Amino acid sequence: MSSNVNHPRHYNTHPSRIEAIEICRHLDFNIGNAVKYVWRHRDKGGHEDIEKALWYLDDHITEFGPSYHHPSNDIPIKLALAAETEPNPHLKAYYLSLAQGDINQAAQHLRQYHENHTPHQEHT
């Protein structure tokens, strides 16, 4: 299989050098999809990916509540590493909120990012 199937570039370009699947495979469907869409948005779907991530976070909050318990202690550590290496302050706060299991806070930070960045600013 090609690298576009096994290790697509848009899931491997985060400054943390963590591949999205290393985190997403351990999360529930909604949270995993939110992480995936934010992870790839700069290299694939842009603002639409941020809107999709927000949809999944909102669905999680509606269906399961505003918090999340990580199934593995390794996941908050990887999310914290993503936050540490993330250049954008809103996305840094998003990853830290996810690491803490605070989905409301994560959604709020992601909304701030979405509102403050036009599509052509996403690569900065």
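Glu22 has its place in helix α2, which spans residues 20–24. The helices named here are DSSP runs of H or I with at least four residues, strands are runs of E with at least two, and both are numbered from the N terminus. With a relative accessible area of 27%, Glu22 is partly exposed; buried means under 20% relative accessible area, exposed over 50%, and partly exposed in between, with a 1.4 Å probe and protein chains only. Apart from residues up to four places away in sequence, Glu22 touches Ile75 and Lys78, where contact means heavy atoms within 4.5 Å. Glu22 and Lys78 are 56 residues apart along the chain, and their C-alpha atoms are separated by 8.5 Å.

The model is a predicted one, in which local features need pLDDT of at least 70 and side-chain atom pairs count only at pLDDT 80 or more, while totals for chains, interfaces and linings use all residues. Residues are numbered from 1 along each chain as its sequence is written, and side-chain values use heavy atoms, with hydrogens and water left out.

The protein chain as a whole contains 7 helices and 0 strands, giving the pattern α-α-α-α-α-α-α along the sequence. Of its 124 residues, 48% are buried. Among contacts with a separation of 6 or more, 63% join residues 24 or more positions apart.

How the helices pack can now be considered. Two packed helices are described by the angle between their axes and by the distance between those axes. The axes are lines fitted to C-alpha atoms, for helices over the stretch in contact, and the angles run from 0 to 180 degrees between N-to-C directions. Helix α4 (residues 46–64) packs with α7 at an angle of about 155°, the axes being 10 Å apart. The two are therefore roughly antiparallel, a term for angles over 145 degrees, while those under 35 count as roughly parallel, 65 to 115 as roughly perpendicular and the rest as oblique. The crossing of α4 past α7 is left-handed, which is to say that the near helix is turned anticlockwise from the far one by less than a right angle; clockwise would be right-handed. On the α4 side the contact includes His47, Ile50 and Leu54, and on the α7 side it includes Ile103, Leu110 and Tyr113. By class, the contact of α4 with α7 has 10 nonpolar, 4 polar and 3 charged residues; Ala, Val, Leu, Ile, Met, Phe, Trp, Tyr, Cys and Pro count as nonpolar, Asp, Glu, Lys and Arg as charged, and the others, Gly among them, as polar.

A second pair is formed by helix α5 (residues 74–85) and helix α6 (residues 89–99), which pack at about 170° with axes 8 Å apart. These helices are therefore also roughly antiparallel to each other, and α5 passes α6 in a left-handed crossing. Among the residues that meet are Pro76 and Leu79 in α5, and Tyr95 and Leu96 in α6. The contact of α5 with α6 has 9 nonpolar, no polar and 2 charged residues.

Two histidines complete the account. His117 lies in the segment after α7 (103–116) and is buried, with a relative accessible area of 13%. Its side chain makes a polar contact of 3.0 Å with the side chain of Asn88; such a contact is a pair of N or O atoms within 3.5 Å, of which, within protein, one must be able to donate a hydrogen and the other to accept it, and residues adjacent in sequence count only if both atoms are side-chain atoms. A polar atom of the His117 side chain also lies 3.0 Å from the backbone oxygen of Tyr113. His69, in the loop between α4 and α5, is exposed at 71% relative accessibility.
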